[in-house]
Amino acid sequence: MYFIVVADLLSVIHLTFIVFVIVGGFLTLKWRWFVYMHPLAAVWGAFIEFSGWICPLTPLEQQFRQAGGTAGYSTTFIEHYLLPVIYPAGLTRELQIYFGFSVVAINVVAYSILIYRVIQERQNG
């Protein structure tokens, strides 16, 4: 039971991290201190998608599931949890690259707004 709870907790952390990678740049507009940790998270998330690698949290979660007596799964975290909801046909390499570019584009917008605001603040005093 303990292992399944830890695996579920890792799944929640993983999903939270993915959401942070995608939209965390917009958190910097409200709380500037996020700028110290979000760029690294965004780079990591985009790198994982562009490289086709699997996030280390995925095999760790699977190990806990197997230790808890369940079968785990043989796909990536995104394929297992997110794609059945968003893309039932499955994850392709092209889709991973699209996800990577989406992360970059969304965060370019967020940080462009942040830079604009910082410039405006400095000009206004």
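1. Of the contacts in the protein chain with a separation of 6 or more, 63% are between residues 24 or more positions apart, a contact being heavy atoms within 4.5 Å. The structure is a predicted model, in which local features need pLDDT of at least 70 and side-chain atom pairs count only at pLDDT 80 or more, while totals for chains, interfaces and linings use all residues. Residues are numbered from 1 along each chain as its sequence is written, and side-chain values use heavy atoms, with hydrogens and water left out.

2. The protein chain holds five helices and zero strands, in the order α-α-α-α-α from the N terminus. Helices (H or I, at least four residues) and strands (E, at least two) are DSSP runs, numbered from the N terminus. Of the 125 residues, 34% count as buried; buried means under 20% relative accessible area, exposed over 50%, and partly exposed in between (1.4 Å probe, protein chains only). The chain exposes about 7900 Å², of which carbon and sulfur atoms supply 72%. Accessible areas come from the Shrake-Rupley method with a 1.4 Å probe, and for residues only the protein chains shown count as cover.

3. The largest nonpolar core has six residues: Phe-20, Val-21, Phe-34, Ala-41, Ala-46 and Val-103. Such a core is a set of buried Ala, Val, Leu, Ile, Met, Phe, Trp, Tyr and Cys residues joined through side-chain atoms within 4.5 Å. Helices α1 and α2 (38-51) each supply at least two residues of this core. Leaving aside neighbours within four places in sequence, Ala-46 is in contact with Gly-100, Val-103 and Val-104.

4. Thr-28 lies in helix α1 and counts as buried because its relative accessibility is 0%. Beyond its neighbours within four places in sequence, Thr-28 contacts Phe-34, Val-35, Tyr-111 and Leu-114. Tyr-111 and Leu-114 are among the buried residues of α5, which also include Leu-95, Phe-99 and Val-103.

5. Helix α5 has 32 residues, which should span 46 Å at 1.5 Å a residue; its end C-alpha atoms are 47 Å apart, which agrees. The expected span is 1.5 Å times one less than the number of residues. Just after α5, Gly-125 takes a positive phi of about 120°.

6. On the surface, Leu-15, Val-19, Val-23, Phe-26, Val-109 and Ile-113 form a nonpolar patch with about 440 Å² of accessible area together. The elements giving two or more residues to this patch are α1 (2-30) and α5 (93-124), and α1 gives the most, with four. Patches are made of residues with over 30% relative accessible area and no salt bridge; like charges are joined within 9 Å, and nonpolar side chains (Val, Leu, Ile, Met, Phe, Trp, Tyr) within 5 Å. Ile-113, at 31% relative accessibility, counts as partly exposed.

7. Three salt bridges are found in the whole structure, each a side-chain nitrogen of Lys or Arg within 4 Å of a carboxyl oxygen of Asp or Glu. Arg-65 meets Asp-8 (2.9 Å, N to O); this pair links helix α3 (residues 57-67) to helix α1, 57 residues apart. Arg-65 also meets Glu-61 (2.7 Å, N to O), four residues away in helix α3, about one turn. Salt bridges with shared partners join Asp-8, Glu-61 and Arg-65 into one network.

8. Arg-32 forms a salt bridge with Glu-121, the closest N and O atoms being 2.8 Å apart. Arg-32 lies in the loop between α1 and α2 and Glu-121 in helix α5, so the pair ties together parts 89 residues apart in sequence.
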